[in-house]
Amino acid sequence: MNQYKYKSYERNMIKNKDEAKNRASYVKEIETLAQTLAYASAAYEFVGLSQDEKILENEEVVLLGKEMFSLAKTMLDTPADAEAGLLDLRDRLKKHMDCLMVYNDRYSIYAKVLSSMRSQFEEVETDPSFDVEEFADQVVDRLIKEKDNASLKTLMMEIISELPVRMTRIKFYEHISDGLSVYIGSDRSSLDDFLYSVRNAAGLYEPAGMQEFFPELAEYLKKFEDLDYNHISADDYATAAYTINECFSYLSMLIDLINILATITNELLVVAMTKNEDLTDSAFVSRSILEIVMERFTFDENVELINLLMDQLVLLEGVQEPLLEEMYEIEGSIDNLLHSTNYTVASEKKDEILRLRNICELLSVNNYSDLSREETEQKTCEKADVAVEFAKLQNEMDVRLRSVEKVVARAIMSRVLGYLPSNFSNVRNLKDYIVASLSGCSDPKERAVYADNILDTLYAYEEDEYDDDDDVFGDEDGAYEDAPDTEA
């Protein structure tokens with residue numbers, strides 16, 4: 001699409017110059033681009049899915065995949081008949097992902113518990129010359145090199161959550177209170193997102209009917225919850241350490257597969273919503289690829305399609321990237337129309353513009369963005385709101401911490417602190433916290449384990465700089481680092 005062209009349409013609409021004509025052209029241009037991008041992306045995803053053996057390893061995922069394929073066939077024949085079904089499937093995939101992320105957080109608590117006990121049951125190398133101050137400086141030096149602010153915050157959060165907790169519950173709640181206070185005067189939704197993340201980190205949140213989704217994960221989680229960590233034997237520890245690695249590997253596989261199904265469902269939904277019969281050349285090629293995949297792949301076995309489709313896949317090379325860049329520009333254009341004080345959006349016009357916004361959302365990096373959100377006035381979070389939410393959270397947290405063994409409570413506190421970066425707003429504060437936490441370790445082996453975990457976290461962001469294959473918890477770390485971030 002010619003960028004000048006759609007921006008010209010936008011300007012004319014805002015000026016109310018031939019509004020109906022410009023709006024029709026604006027909508028058609030965006031729908032054509034979106035449909036071409038959705039078709040091309042879905043074609044690549046479909047071929048990849050048909051070659052992925054993991055897709056056949058879980059019956060629940062297979063059933064969802066078969067339903068998606070059935071809807072894809074309907075979409076190719078009569079797009080209007082597929083839209084409602086795709087929306088319903090998208091909603092259910094989101095519920096599956098919500099449950100997987102909660103399982104991921106719950107398992108992470110017990111992975112942290114087992115990691116903290118590692119020095120009791122495994123040979124751990126210690127360095128007699130280890131200096132806490134020098135180590136903290138090493139961590140800070142690495143953080144200072146991080147140019148991306150979002151990555152820096154994530155690294156700081158993960159480092160905090162890897163450190164042993166050396167504070168009373170009163171101090172812990174003070175940190176939570178300080179963390180909540182930064183939301184005074186902000187949009188209420190930001191506070192709600194933060195509270196959701198903290199509750200998830202502490203294992204307080206559970207979606208309705210969670211145990212009905214992937215019951216095998218619920219079964220193994222119950223075993224970790226029932227373990228007596230105060231009197232755990234070496235054999236039980238070894239079994240638990242091995243099992244939690246396997247669970248994280250399985251979780252990571254399920255998260256990847258549900259994300260793939262959600263991505264394809266979103267792309268199919270875009271095609272159904274555009275209803276454009278004049279396909280571009282790329283869209284026509286992509287459609288033929290989809291037809292071949294659906295004709296040969298049945299979710300009963302993998303089929304060889306790469307050689308058959310190679311010539312057609314080559315025709316799609318370089319198609320997606322420029323279209324994606326264009327879609328990002330268009331999102332801004334749509335927001336301009338929705339929020340322009342000069343463009344009066346009547347109800348029928350608004351529905352059309354909101355539909356375009358939803359199409360952009362479906363092609364965004366967030367597979368599960370809310371398509372039903374309304375353009376409502378933002379509510380400011382007042383000091384009293386924060387006080388109420390803190391009291392509720394403290395009560396829930398207190399019940400949770402008193403219901404588990406001390407080592408589990410410490411793991412929960414450690415994870416929650418990781419979601420409070422405002423308490424360690426700069427690397428200097430973080431250095432002081434690292435020094436204080438590690439200095440409290442009387443056992444050099446215990447301190448070495450925590451230091452190793454921090455190094456694992458740091459160098460997981462750098463390719464080939466650190467190899468933790470010999471670490472019994474290495475697979476677990478890698479598994480949930482690849483999972484989507486649960487922080488809102």
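Tutor: We start with a cut-off: a residue counts as buried under 20% relative accessible area and as exposed over 50%. Keep in mind that this is a predicted model.

Student: Which residues of helix 6 are buried?

Tutor: In helix 6 the buried residues are Val132, Phe135, Ala136, Val139, Val140, Arg142 and Leu143.

Student: Why do the buried residues line one face of the helix?

Tutor: An α-helix has 3.6 residues a turn, so residues three or four places apart point the same way. In helix 6, the buried residues fall within an arc of 160° when seen down the axis, so they line one face. Glu134 and Ile144, on the other side of helix 6, are exposed.

Student: What covers the buried residues of helix 6?

Tutor: The cover includes helix 7 (149-162), helix 18 (427-439) and helix 19 (444-459).

Student: How many residues does helix 6 have, and what span does it reach?

Tutor: Helix 6 runs over residues 132-144 and has 13 residues. From its first C-alpha to its last it reaches 18 Å, close to the 18 Å expected at 1.5 Å a residue.

Student: What is found at the start of helix 6?

Tutor: There, a side-chain oxygen of aspartate 131 comes to within 3.0 Å of the backbone nitrogen of glutamate 133.

Student: Now the core. Which residues have the most contacts inside the largest nonpolar core?

Tutor: A nonpolar core joins buried residues through side-chain atoms within 4.5 Å. The largest one here has 157 residues, and Phe46, Tyr107, Phe172, Ile176 and Met397 have the most contacts inside it. Helix 11 (residues 234-274) gives the most to this core, with 21 residues.

Student: What is tyrosine 107 in contact with?

Tutor: Apart from neighbours within four places in sequence, tyrosine 107 is in contact with Leu217, Tyr220, Leu221, Phe224, Ile244, Cys247, Phe248 and Leu251.

Student: Is threonine 263 buried or exposed?

Tutor: Threonine 263 has its place in helix 11. Its relative accessible area is 18%, so threonine 263 is buried. Its side chain is joined to that of asparagine 367 by a polar contact of 3.0 Å. With neighbours within four places in sequence left aside, threonine 263 is in contact with Glu45 and Asn367.

Student: And where does tyrosine 6 lie?

Tutor: Tyrosine 6 lies in helix 1 (residues 3-14). It counts as buried because its relative accessibility is 0%.

Conventions
Residues numbered from 1 in each chain as written. Predicted model: local features only at pLDDT ≥ 70, side-chain atom pairs only at ≥ 80, totals over all residues. Heavy atoms only, no water. Helix = DSSP H or I, 4+ residues; strand = E, 2+ residues; numbered from the N terminus. Buried < 20%, exposed > 50% of the residue type's maximum accessible area, 1.4 Å probe, protein only. Contact = heavy atoms within 4.5 Å. Expected span 1.5 Å × (residues − 1). Arc of directions from axis to C-beta. Polar contact = N/O pair within 3.5 Å; in protein donor to acceptor, adjacent residues only side chain to side chain.
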